[in-house]
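The following exercises are to be worked with the sequence and the model at hand. Each task is followed by a solution in steps.

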Amino acid sequence: MKVLVAVAEAESFAAGARLVGMSPPSVTRVIAGLENRLGTLLLARNTRSLRLTEAGRRFVEDCKRILMDLDEAEELATSNNIRPRGNLTVTAPVMFGELFLIPLITEYLAANPEVTLNALLVDRLVNMVDEGVDVAIRIGELPESGLQAINVGHIRPVVCAAPAFLERVGRPQQPKDVLALPMVMSSASTLLTEWQFKVGEAVIALHPKPRLMVSSNQAAINAARTGWGLTRVLSYQVAEWVAKGELEIVLEAFETTALPVHVVYQGGKRLPAKVRTFVDYCASRFMADSALQAAPVT
């Protein structure tokens, strides 16, 4: 397996042989023997190039995982210190990733030099198994699944605007008041296209018709900061601007139940060190961040 991985990564028998300290003929015999035992071609080669076949690509990925597990098993047998290593794939909503996850990732990578990381920042629900994702940040209630999850906080859907705008048009006192005011809405999040409010024991839903529709949450926030009108976003997305006084939250008394934030990961009998340490790192940092600790309304 080590020989095959070396040849595949070097894209050359000679270069792969140097990586594993063997002669090129010996490497050629090892690969041929492996292909004979499996009964399939792993490497397609001609006089000019060498590439993995489809079966070879799948097998090399499995080899890398098995070799990494073997290294960790050997380390576990000789000490309690297992080093995080290998490629880690993480997903999160775009704005959450930009504001919270990327700074954390850069610190984690600096502390773990044998880990490489692919951050998939998208505003859609990623199928972790199908897309090979190790860790996901999920906002909202989780569906039943075989995945493991750690609750790291709560955030709130909030209505906000620039203080100067509110001074000019007046602060809404009831949810229905927002319908008479200019507003900007983001189409990026399905959580925010229907504006829900809690009135007494009931939850009402408004469907505003904004004059300005944008395709990203950040654009909606920027428009609100300029004084265009109201917008509805998630509390973590505007925490910085609220703290600076550039935005003001209104109708707080009518907010619905806060949404949980989870770190989700694929569990198993023994987590790879890269997953375990990254999940622990995320959980400790997120739980300590006040922007992610909105009290869940009952």
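**Exercise 1: Packing of a helix**

Determine which elements the buried residues of helix 7 pack against, and on which side of helix 7 these residues lie.

*Solution.* Step 1. The buried residues of helix 7 pack against helix 5 (94-111), strand 8 (184-186), strand 11 (212-214), strand 12 (231-234) and helix 8 (235-244).

Step 1. Helix 7 spans residues 217-225, and its buried residues are Asn 217, Ala 220, Ile 221, Ala 223 and Ala 224. Because they cover an arc of only 160° around the axis, they lie on the same side of helix 7.

Step 2. After helix 7 comes Gly 227, with a positive phi near 95°.

**Exercise 2: A buried arginine**

Step 1. Arg 138 is buried but forms no salt bridge. A salt bridge requires a distance within 4 Å, whereas Glu 131, the nearest side chain of opposite charge, is 8.0 Å away.

Step 2. A polar atom of the Arg 138 side chain lies 2.6 Å from the backbone oxygen of Val 126.

**Exercise 3: Confidence**

State which elements have the lowest and the highest mean pLDDT.

*Solution.* Step 1. The model is predicted; the mean pLDDT of the protein chain is 89, with 95% of its residues at 70 or more.

Key:
Residues numbered from 1 in each chain as written. Predicted model: local features only at pLDDT ≥ 70, side-chain atom pairs only at ≥ 80, totals over all residues. Heavy atoms only, no water. Buried < 20%, exposed > 50% of the residue type's maximum accessible area, 1.4 Å probe, protein only. Lys, Arg positive; Asp, Glu negative; His and termini not counted. Polar contact = N/O pair within 3.5 Å; in protein donor to acceptor, adjacent residues only side chain to side chain. pLDDT = per-residue confidence, 0-100. Helix = DSSP H or I, 4+ residues; strand = E, 2+ residues; numbered from the N terminus. Arc of directions from axis to C-beta. Contact = heavy atoms within 4.5 Å.
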